[in-house]
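Here's a quick briefing to read alongside the model. Keep the 3D view open and click on each part as it comes up.

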Amino acid sequence: MALFAVEYTYSEATVAARDEHRPKHRGWLSDLVDAGTVRATGPWVDGSGALILIEVADEAAARELMAQDPFAQRDLVDAVRITAWQPVMGVFNS
């Protein structure tokens, strides 16, 4: 398994729809936290996006997983950047 940083970028145009669908989005994330797939998640303080750390087999699996996000399915994410990440120190270094 590999760790990936998923960065979401949001726009002002999707604020109302994200507010409406946030419970489903967070429920989906919560299930993935419980499964051990999502290691950490949270929005940028300025509201411009979010960071989701996931542990999956490879980048293809990461893209497939993120396509299942209720936000992604409703086109509420303006941009997604998925980057393999290798922590060397701290709580994610295992």
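Two strands count as paired if DSSP finds at least two bridges between them. Helices (H or I, at least four residues) and strands (E, at least two) are DSSP runs, numbered from the N terminus. What you're looking at is a predicted model, where local features need pLDDT of at least 70, side-chain atom pairs count only at pLDDT 80 or more, and totals for chains, interfaces and linings use all residues. Residues are numbered from 1 along each chain as its sequence is written, and side-chain values use heavy atoms, with hydrogens and water left out.

**The sheet**

- Strands of a sheet pair through backbone hydrogen bonds, either parallel or antiparallel.
- Here, four strands make an open sheet in the order β2-β3-β1-β4, with antiparallel pairing.
- β2 (38-43) and β4 sit at the edges with a single partner strand each, so one side of each has no neighbour in the sheet.
- From one strand to the next, the twist averages 15°.
- β1 and β3 pair over eight bridges, with Glu7 standing opposite Leu51 in β3.
- β2 and β3 share five bridges, and Pro43 stands opposite Ala50 in β3.

**Helices across the sheet**

- For the angles here, axes are lines fitted to C-alpha atoms (for helices, over the stretch in contact), and angles run from 0 to 180 degrees between N-to-C directions.
- α1 lies across β1, β2 and β3, and runs at about 155° to β2.
- α2 lies across β1, β3 and β4, and runs at about 130° to β3.

- Buried means under 20% relative accessible area, exposed means over 50%, and partly exposed is in between (1.4 Å probe, protein chains only).
- In helix α2 (residues 59-66), the buried residues are Ala62, Leu65 and Met66.
- Look down the axis of α2 and these buried residues fall within an arc of 90° (taken from the directions from the helix axis to the C-beta atoms), so they line one face of the helix.
- An α-helix has 3.6 residues a turn, so residues three or four places apart point the same way.
- The face of α2 turned away from the buried side carries the exposed residues Ala60 and Glu64.
- What covers the buried residues of α2 includes β1 (2-9), α1 (15-35), β3 (49-56), α3 (70-73) and β4 (79-85).
- At the start of α2, a side-chain oxygen of Asp58 comes within 3.3 Å of the backbone nitrogen of Ala60.

- Contact means heavy atoms within 4.5 Å.
- Ile82 is in strand β4, and with 10% relative accessibility it counts as buried.
- Not counting residues up to four places away in sequence, Ile82 touches Phe4, Ala5, Val6, Glu59, Ala62, Arg63 and Met66.
- Ile82 and Val6 are 76 residues apart along the chain, yet their C-alpha atoms are separated by 4.6 Å.
- His21 lies in helix α1 and is buried, with a relative accessible area of 15%.
- Leaving aside neighbours within four places in sequence, His21 is in contact with Phe71, Arg74 and Leu76.
- The side chains of His21 and Arg74 are joined by a polar contact of 3.0 Å.
- A polar contact is a pair of N or O atoms within 3.5 Å; within protein, one must be able to donate a hydrogen and the other to accept it, and residues adjacent in sequence count only if both atoms are side-chain atoms.
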